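Colleague: I'm new to this structure and would like to learn how to read it. Could we go through a few features together?

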Amino acid sequence: MQIQQIEYIIEVAKTESISEAAQNLHVSAATISQSISNLEKEFGIRIFRRSRVGTKPTERGKVIIEKAYVIQNKILELELEAKSHSTMMDKELKIVGSPSTLLTFLPKAISLFKKKFSNTEITIEENQNVIKEMLNNENDLGFISVDEMTWIKSGNSNKNVLHFDTLFQGRMFVCVNKDSPLAFKESITPEDLLDHTLLLHSITKPIYEDLLLQYGPIKMLFESTNTETIIKSITSGIGISFLSEFTIKDDQRVLDGQIIPVPLVNYERSNLTCGFVRSKKRHFSPSARGLIQIIKEQIKQGNY
(Lines give C-alpha, C1' and ligand atoms only; values in the text may rest on other atoms or scores of the structure.)
Protein backbone atom coordinates (compact mmCIF):
# COMPACT_ATOMS: atom_id res chain seq x y z
CA MET A 1 0.00 0.00 0.00
CA GLN A 2 1.33 3.43 -0.97
CA ILE A 3 0.62 6.89 0.44
CA GLN A 4 -0.85 8.00 -2.91
CA GLN A 5 -3.37 5.17 -2.77
CA ILE A 6 -4.56 6.43 0.61
CA GLU A 7 -5.06 9.90 -0.89
CA TYR A 8 -6.91 8.42 -3.88
CA ILE A 9 -9.45 6.34 -1.92
CA ILE A 10 -10.17 9.23 0.47
CA GLU A 11 -10.83 11.66 -2.38
CA VAL A 12 -13.04 9.17 -4.24
CA ALA A 13 -14.98 8.54 -1.02
CA LYS A 14 -15.53 12.31 -0.63
CA THR A 15 -16.60 12.97 -4.21
CA GLU A 16 -18.20 9.60 -5.03
CA SER A 17 -16.65 10.06 -8.46
CA ILE A 18 -13.32 8.85 -9.87
CA SER A 19 -13.31 11.57 -12.55
CA GLU A 20 -13.98 14.36 -10.03
CA ALA A 21 -11.36 12.96 -7.64
CA ALA A 22 -8.87 12.89 -10.51
CA GLN A 23 -9.63 16.51 -11.32
CA ASN A 24 -9.17 17.55 -7.69
CA LEU A 25 -5.85 15.69 -7.41
CA HIS A 26 -4.57 16.70 -10.87
CA VAL A 27 -4.07 13.15 -12.13
CA SER A 28 -5.86 11.09 -14.75
CA ALA A 29 -8.99 9.09 -13.92
CA ALA A 30 -7.24 6.00 -15.32
CA THR A 31 -4.41 6.45 -12.79
CA ILE A 32 -6.82 6.53 -9.85
CA SER A 33 -8.94 3.66 -11.20
CA GLN A 34 -5.91 1.42 -11.73
CA SER A 35 -4.42 2.33 -8.36
CA ILE A 36 -7.64 1.44 -6.53
CA SER A 37 -7.97 -1.81 -8.50
CA ASN A 38 -4.42 -2.74 -7.48
CA LEU A 39 -5.22 -1.98 -3.85
CA GLU A 40 -8.39 -4.07 -3.98
CA LYS A 41 -6.37 -7.00 -5.38
CA GLU A 42 -3.75 -6.53 -2.65
CA PHE A 43 -6.38 -6.56 0.12
CA GLY A 44 -8.59 -9.16 -1.54
CA ILE A 45 -11.75 -7.06 -1.10
CA ARG A 46 -13.80 -4.54 -3.04
CA ILE A 47 -13.42 -1.06 -1.59
CA PHE A 48 -15.81 0.67 -3.99
CA ARG A 49 -18.91 -0.29 -5.92
CA ARG A 50 -18.91 1.45 -9.29
CA SER A 51 -22.17 2.25 -11.09
CA ARG A 52 -23.74 4.87 -13.35
CA VAL A 53 -24.89 6.90 -10.33
CA GLY A 54 -21.43 7.10 -8.79
CA THR A 55 -18.64 5.31 -6.96
CA LYS A 56 -19.69 4.38 -3.44
CA PRO A 57 -17.79 2.42 -0.76
CA THR A 58 -18.81 -1.12 0.12
CA GLU A 59 -19.41 -1.98 3.78
CA ARG A 60 -15.89 -3.40 4.07
CA GLY A 61 -14.61 -0.49 2.04
CA LYS A 62 -16.00 1.95 4.63
CA VAL A 63 -13.77 0.35 7.27
CA ILE A 64 -10.71 0.69 5.01
CA ILE A 65 -11.54 4.35 4.24
CA GLU A 66 -11.99 5.16 7.94
CA LYS A 67 -8.52 3.71 8.64
CA ALA A 68 -7.14 5.63 5.64
CA TYR A 69 -8.32 8.92 7.20
CA VAL A 70 -6.46 8.04 10.42
CA ILE A 71 -3.28 7.24 8.47
CA GLN A 72 -3.57 10.44 6.41
CA ASN A 73 -3.89 12.54 9.59
CA LYS A 74 -0.85 10.84 11.14
CA ILE A 75 1.19 11.47 8.00
CA LEU A 76 0.14 15.13 8.07
CA GLU A 77 1.08 15.38 11.77
CA LEU A 78 4.51 13.93 10.98
CA GLU A 79 5.01 16.31 8.05
CA LEU A 80 3.94 19.37 10.04
CA GLU A 81 6.03 18.40 13.07
CA ALA A 82 9.11 18.03 10.87
CA LYS A 83 8.50 21.29 9.02
CA SER A 84 7.78 23.24 12.20
CA HIS A 85 11.44 22.75 13.12
CA SER A 86 12.78 23.67 9.70
CA THR A 87 12.65 26.54 7.22
CA MET A 88 10.30 24.64 4.88
CA MET A 89 7.05 25.83 6.48
CA ASP A 90 5.21 28.47 4.43
CA LYS A 91 6.13 32.07 5.23
CA GLU A 92 2.56 33.34 4.80
CA LEU A 93 -0.99 32.06 5.13
CA LYS A 94 -3.77 34.24 3.72
CA ILE A 95 -7.31 33.72 5.02
CA VAL A 96 -10.68 35.28 4.28
CA GLY A 97 -13.63 34.59 6.56
CA SER A 98 -17.27 35.56 6.94
CA PRO A 99 -18.11 37.52 10.14
CA SER A 100 -19.66 34.55 11.94
CA THR A 101 -16.53 32.41 11.50
CA LEU A 102 -14.35 35.18 12.89
CA LEU A 103 -16.63 35.43 15.92
CA THR A 104 -16.57 31.71 16.68
CA PHE A 105 -13.97 29.02 15.97
CA LEU A 106 -11.32 30.83 13.90
CA PRO A 107 -9.67 33.08 16.56
CA LYS A 108 -8.86 30.16 18.88
CA ALA A 109 -7.66 27.97 15.99
CA ILE A 110 -5.38 30.74 14.71
CA SER A 111 -4.00 31.31 18.20
CA LEU A 112 -3.12 27.61 18.49
CA PHE A 113 -1.61 27.66 15.00
CA LYS A 114 0.61 30.66 15.78
CA LYS A 115 1.95 28.94 18.90
CA LYS A 116 2.88 25.86 16.90
CA PHE A 117 4.07 27.57 13.70
CA SER A 118 5.43 30.90 14.86
CA ASN A 119 7.40 31.50 11.65
CA THR A 120 4.27 31.60 9.47
CA GLU A 121 2.69 35.05 9.08
CA ILE A 122 -1.12 34.96 8.97
CA THR A 123 -3.20 37.66 7.32
CA ILE A 124 -6.97 37.62 7.82
CA GLU A 125 -9.65 39.51 5.92
CA GLU A 126 -13.27 39.73 7.03
CA ASN A 127 -15.62 39.65 4.05
CA GLN A 128 -19.29 38.88 3.49
CA ASN A 129 -18.61 37.40 0.05
CA VAL A 130 -16.02 34.72 0.72
CA ILE A 131 -16.75 32.82 -2.50
CA LYS A 132 -16.06 35.88 -4.65
CA GLU A 133 -12.79 36.51 -2.83
CA MET A 134 -11.68 32.90 -3.25
CA LEU A 135 -12.40 33.06 -6.98
CA ASN A 136 -9.76 35.80 -7.18
CA ASN A 137 -7.22 33.13 -6.17
CA GLU A 138 -5.40 35.44 -3.74
CA ASN A 139 -6.21 33.59 -0.49
CA ASP A 140 -5.16 30.16 0.73
CA LEU A 141 -8.37 29.43 2.64
CA GLY A 142 -11.87 30.86 2.89
CA PHE A 143 -14.18 30.13 5.83
CA ILE A 144 -17.92 30.56 5.51
CA SER A 145 -21.15 29.85 7.37
CA VAL A 146 -24.28 29.81 5.18
CA ASP A 147 -27.59 28.03 4.84
CA GLU A 148 -27.30 24.51 3.45
CA MET A 149 -29.00 25.34 0.14
CA THR A 150 -26.56 28.19 -0.56
CA TRP A 151 -23.61 25.93 0.34
CA ILE A 152 -24.74 23.22 -2.09
CA LYS A 153 -25.56 25.72 -4.85
CA SER A 154 -22.19 27.49 -4.47
CA GLY A 155 -20.37 24.17 -4.49
CA ASN A 156 -22.08 22.99 -7.66
CA SER A 157 -21.64 26.25 -9.57
CA ASN A 158 -17.94 26.58 -8.67
CA LYS A 159 -16.88 22.93 -8.52
CA ASN A 160 -14.40 23.28 -11.39
CA VAL A 161 -12.36 25.97 -9.66
CA LEU A 162 -13.07 25.71 -5.91
CA HIS A 163 -12.96 22.84 -3.45
CA PHE A 164 -15.65 22.90 -0.71
CA ASP A 165 -15.28 20.95 2.53
CA THR A 166 -17.86 20.88 5.34
CA LEU A 167 -16.53 21.35 8.88
CA PHE A 168 -19.76 21.12 10.88
CA GLN A 169 -23.47 21.79 10.58
CA GLY A 170 -26.04 23.60 12.69
CA ARG A 171 -29.25 25.57 12.43
CA MET A 172 -30.66 29.06 12.26
CA PHE A 173 -32.41 30.62 15.26
CA VAL A 174 -34.75 33.56 15.58
CA CYS A 175 -33.26 35.60 18.41
CA VAL A 176 -35.73 37.66 20.44
CA ASN A 177 -35.76 39.80 23.57
CA LYS A 178 -36.74 37.93 26.76
CA ASP A 179 -39.95 40.02 26.99
CA SER A 180 -41.06 39.35 23.40
CA PRO A 181 -44.21 37.23 22.92
CA LEU A 182 -42.07 35.00 20.70
CA ALA A 183 -39.77 34.18 23.64
CA PHE A 184 -42.38 31.80 25.03
CA LYS A 185 -42.68 29.73 21.85
CA GLU A 186 -40.85 26.39 21.45
CA SER A 187 -40.31 27.10 17.75
CA ILE A 188 -41.03 29.81 15.21
CA THR A 189 -42.40 29.38 11.69
CA PRO A 190 -41.99 31.89 8.85
CA GLU A 191 -45.64 32.90 9.32
CA ASP A 192 -44.88 33.90 12.92
CA LEU A 193 -42.41 36.54 11.67
CA LEU A 194 -44.92 38.58 9.69
CA ASP A 195 -46.09 40.72 12.61
CA HIS A 196 -42.64 41.51 13.98
CA THR A 197 -39.81 43.93 13.15
CA LEU A 198 -36.65 42.37 11.75
CA LEU A 199 -33.07 43.47 12.41
CA LEU A 200 -31.29 42.04 9.38
CA HIS A 201 -27.75 40.75 9.56
CA SER A 202 -26.37 41.12 6.04
CA ILE A 203 -25.13 37.54 5.91
CA THR A 204 -28.74 36.32 6.29
CA LYS A 205 -30.07 38.55 3.50
CA PRO A 206 -30.63 35.59 1.09
CA ILE A 207 -32.93 34.06 3.71
CA TYR A 208 -34.82 37.34 4.17
CA GLU A 209 -35.28 37.78 0.41
CA ASP A 210 -36.46 34.18 0.04
CA LEU A 211 -39.00 34.66 2.85
CA LEU A 212 -40.32 37.81 1.14
CA LEU A 213 -40.96 35.81 -2.03
CA GLN A 214 -42.65 32.94 -0.23
CA TYR A 215 -44.59 34.70 2.55
CA GLY A 216 -44.90 38.37 1.65
CA PRO A 217 -43.65 41.57 3.36
CA ILE A 218 -41.70 41.40 6.63
CA LYS A 219 -41.00 44.76 8.28
CA MET A 220 -37.25 45.48 8.50
CA LEU A 221 -35.90 48.21 10.79
CA PHE A 222 -32.30 48.16 9.51
CA GLU A 223 -29.58 46.00 7.95
CA SER A 224 -26.09 45.69 9.44
CA THR A 225 -22.91 43.68 8.92
CA ASN A 226 -22.02 44.13 12.60
CA THR A 227 -23.12 41.21 14.79
CA GLU A 228 -22.63 43.19 18.01
CA THR A 229 -24.97 45.93 16.72
CA ILE A 230 -27.63 43.31 15.98
CA ILE A 231 -27.30 41.62 19.39
CA LYS A 232 -27.41 44.93 21.32
CA SER A 233 -30.53 45.93 19.38
CA ILE A 234 -32.26 42.64 20.22
CA THR A 235 -31.36 43.17 23.89
CA SER A 236 -32.97 46.62 23.80
CA GLY A 237 -36.19 45.05 22.48
CA ILE A 238 -36.50 46.98 19.21
CA GLY A 239 -36.65 43.90 16.97
CA ILE A 240 -35.81 40.27 16.28
CA SER A 241 -33.10 38.73 14.11
CA PHE A 242 -31.87 35.57 12.40
CA LEU A 243 -28.59 34.38 13.93
CA SER A 244 -26.75 31.08 13.62
CA GLU A 245 -26.20 28.85 16.61
CA PHE A 246 -22.43 29.20 16.01
CA THR A 247 -22.68 32.96 16.61
CA ILE A 248 -24.82 32.90 19.75
CA LYS A 249 -23.87 29.77 21.65
CA ASP A 250 -21.26 31.47 23.86
CA ASP A 251 -22.72 34.98 23.95
CA GLN A 252 -23.18 36.09 27.56
CA ARG A 253 -26.51 37.81 26.84
CA VAL A 254 -27.89 34.50 25.59
CA LEU A 255 -26.43 32.62 28.55
CA ASP A 256 -27.92 35.22 30.94
CA GLY A 257 -31.37 34.90 29.37
CA GLN A 258 -31.56 38.47 28.03
CA ILE A 259 -31.86 37.07 24.51
CA ILE A 260 -33.90 33.95 23.77
CA PRO A 261 -32.92 31.90 20.68
CA VAL A 262 -35.93 30.06 19.24
CA PRO A 263 -35.50 27.45 16.46
CA LEU A 264 -36.79 28.45 13.02
CA VAL A 265 -38.85 25.52 11.71
CA ASN A 266 -40.91 24.59 8.65
CA TYR A 267 -38.39 26.36 6.47
CA GLU A 268 -35.95 24.57 4.18
CA ARG A 269 -33.11 27.08 4.62
CA SER A 270 -32.92 26.91 8.41
CA ASN A 271 -30.17 24.27 8.28
CA LEU A 272 -26.66 25.75 8.20
CA THR A 273 -23.26 24.57 7.01
CA CYS A 274 -19.93 25.89 8.20
CA GLY A 275 -16.99 24.94 6.02
CA PHE A 276 -13.87 26.01 4.22
CA VAL A 277 -13.15 26.73 0.57
CA ARG A 278 -9.87 26.61 -1.31
CA SER A 279 -8.89 27.20 -4.90
CA LYS A 280 -8.08 24.18 -7.05
CA LYS A 281 -5.60 26.40 -8.88
CA ARG A 282 -3.64 27.11 -5.70
CA HIS A 283 -1.35 24.69 -3.89
CA PHE A 284 -2.90 23.27 -0.70
CA SER A 285 0.07 24.30 1.40
CA PRO A 286 1.32 22.55 4.56
CA SER A 287 0.40 25.61 6.65
CA ALA A 288 -3.16 25.62 5.26
CA ARG A 289 -3.50 21.90 5.97
CA GLY A 290 -2.05 22.46 9.44
CA LEU A 291 -4.69 25.07 10.29
CA ILE A 292 -7.49 22.82 9.00
CA GLN A 293 -6.20 19.98 11.15
CA ILE A 294 -6.22 22.21 14.24
CA ILE A 295 -9.81 23.32 13.48
CA LYS A 296 -10.96 19.72 13.02
CA GLU A 297 -9.38 18.79 16.35
CA GLN A 298 -11.28 21.68 17.98
CA ILE A 299 -14.52 20.44 16.46
CA LYS A 300 -13.92 16.90 17.76
CA GLN A 301 -13.55 18.39 21.24
CA GLY A 302 -16.69 20.51 20.82
CA ASN A 303 -14.73 23.79 20.93
CA TYR A 304 -16.40 25.73 18.13
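**Reading the model, feature by feature**

Modeller: Buried means under 20% relative accessible area, exposed is over 50%, and partly exposed is in between (1.4 Å probe, protein chains only). Before going on, note that this is a predicted model, where local features need pLDDT of at least 70, side-chain atom pairs count only at pLDDT 80 or more, and totals for chains, interfaces and linings use all residues. Residues are numbered from 1 along each chain as its sequence is written, and side-chain values use heavy atoms, with hydrogens and water left out.

Colleague: Where does S98 sit, and which residues does S98 touch?

Modeller: S98 is in the loop between strand 3 (92–97) and helix 5 (99–103). Helices (H or I, at least four residues) and strands (E, at least two) are DSSP runs, numbered from the N terminus. Contact means heavy atoms within 4.5 Å. Not counting residues up to four places away in sequence, S98 touches N127, V130, F143, I144, S145 and I203.

Colleague: I144 is on that list. Is I144 buried or exposed?

Modeller: I144, which belongs to strand 5, counts as buried because its relative accessibility is 7%. Leaving aside neighbours within four places in sequence, I144 is in contact with S98, T101, V130, I131, W151, T273, C274, G275 and V277. Take I131 from that list: I144 and I131 are 13 residues apart in sequence and 8.4 Å apart in space, C-alpha to C-alpha.

Colleague: What about H196, buried or exposed?

Modeller: H196 counts as buried, because its relative accessibility is 19%. You'll find H196 in the loop between strand 6 and strand 7, in contact with L182, I218, K219 and I240 once neighbours within four places in sequence are set aside.

Colleague: How do I read a nonpolar core?

Modeller: In soluble globular proteins, nonpolar side chains tend to be buried together. A nonpolar core is a set of buried Ala, Val, Leu, Ile, Met, Phe, Trp, Tyr and Cys residues joined through side-chain atoms within 4.5 Å. Here the largest one has 41 residues, and those with the most contacts inside it are F105, F143, L167, V174, F242, L291 and I295.

Colleague: Which helix gives the most to this core?

Modeller: That's helix 13, with six residues. There is also a second, separate core of 17 residues, which includes Y8, V12, A13 and F48.

Colleague: And how do I read two helices packing together?

Modeller: Look at the angle between their axes, which are lines fitted to C-alpha atoms, for helices over the stretch in contact; angles run from 0 to 180 degrees between N-to-C directions. Angles under 35 degrees count as roughly parallel, over 145 as roughly antiparallel, 65 to 115 as roughly perpendicular and the rest as oblique. Helix 2 (residues 18–25) and helix 3 (residues 29–43) pack at about 115°, with their axes 8 Å apart. Helix 2 and helix 3 are therefore roughly perpendicular to each other.

Colleague: Which residues of helix 2 and helix 3 meet?

Modeller: I18, S19, A21, A22 and L25 in helix 2 meet A29, I32 and S33 in helix 3.

Colleague: At what angle do helix 6 and helix 13 pack?

Modeller: Helix 6 and helix 13 pack at about 125°, with their axes 9 Å apart, and are therefore oblique to each other. Among the residues making this contact are L106 and F113 of helix 6 and L291 and I295 of helix 13.
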